Structure formats: structure tokens, C-alpha cells
Amino acid sequence: FVKIIMPKNVIMQSVEIYAQYSESSITNLPINYGQDGYAYTKIYDLGKNKNFKVSNIEYELAGNKENISFSFRGFKNDNANIVSTEWYDYSEDENQKENNAHIFNEYSLIQFRAFIKNSDTRLRIKEFALEEVDSK
């Protein structure tokens, strides 16, 4: 919902609205735990079709890095059907920066999943970032 308040007899040429979906420590990233050992987020809507890749995942880890993995999938929606891609693994370098991320071309919906392979590993996802890219 957006409400615009302006003086009478003024003509508006255009409106730009910038929004950010934010989940803080008070409202953590909602996770659904599947029976297959993966933790799934809800499906996030980017608002319009874009070419993007996952550029960064910020997290805290207690345990061995080899015991976790991340993946993403995109969804397309034609108002009658929603079709997803396969899951694309996210790989990162030693600084938690993406390494050869999959590019989602003309997608508006994305879902994230994490897999913890060991019961002694603790993972806290702080955020994941998407980067808009040129089409390939």
C-alpha cells in the first residue's frame, strides 16, 4: 500500500517507489524443514522479471564448512501455472563470496534452501543478496 500526499493542482509526472524486503533478528528468515534434511525458505517475489544471480550469502557457522551446502531455484509464473527450475548449487570462495553462480534469466521468483549434513553443525543465515546482471 502506498499513499501519496501532495498539494492540489499539481501534476505528477512519475512516481518511483523503492522497497526492500527485510528480515531482522526479530523476524528471522522463515524456514520450513523438509523430511529430506533440507531447510527451505518461502518463495520470494522480485516484483518483475529480471536477470539475476545470487551474489552473496552472509551467515554464521559453528562447525565445519564442508557440512553445509546452499542451493537456489527460480520460478516463472504465467498467472495460471508456476514452474520451477532445478536446484542450482551455490559455491563460494574462502571469503563467503559466490563463485560461478547460475544466472536466472527473466525470473521474478526465487527460493533458497540450505542443507546441514551433520547434527553438530549450527548455521545462522543473516542474508542472501541477488545481483542483477545482463542477459547472456
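With which residue does R124 form a salt bridge? In this predicted model, the partner is E60, and the closest N and O atoms of the two sit 3.6 Å apart. R124 belongs to strand β8 and E60 to strand β3, so this pair ties together parts that are 64 residues apart in sequence. Both ends are partly exposed: R124 has a relative accessibility of 36%, and E60 comes in at 38%.

Stepping back, the protein chain has eight strands and zero helices, which gives a plain run of β-β-β-β-β-β-β-β along the sequence. Of its 136 residues, 29% are buried. The chain exposes about 10,000 Å², with carbon and sulfur atoms supplying 45% of that area. Among contacts with a separation of 6 or more, 70% are between residues 24 or more positions apart.

Back to the charged pairs: the whole structure holds four salt bridges. One of them pairs K50 with E132, with 3.6 Å between the closest N and O atoms. Here, too, distant parts of the chain are linked, as K50 is in strand β3 (residues 44-62) and E132 in strand β8 (residues 122-132), 82 residues apart. K50 is partly exposed at 22% relative accessibility, whereas E132 is exposed at 55%.

Another salt bridge joins E58 and K126, whose closest N and O atoms are 4.0 Å apart. E58 lies in strand β3 and K126 in strand β8, so parts 68 residues apart in sequence are tied together. E58 is partly exposed at 32%, and K126 is partly exposed at 37%. Through salt bridges with shared partners, E58, E60, R124 and K126 form one network.

Terms used
Residues numbered from 1 in each chain as written. Predicted model: local features only at pLDDT ≥ 70, side-chain atom pairs only at ≥ 80, totals over all residues. Heavy atoms only, no water. Helix = DSSP H or I, 4+ residues; strand = E, 2+ residues; numbered from the N terminus. Buried < 20%, exposed > 50% of the residue type's maximum accessible area, 1.4 Å probe, protein only. Contact = heavy atoms within 4.5 Å. Areas by Shrake-Rupley, 256 points an atom, 1.4 Å probe, with all protein chains shown as cover. Salt bridge = Lys/Arg side-chain N within 4 Å of Asp/Glu carboxyl O.
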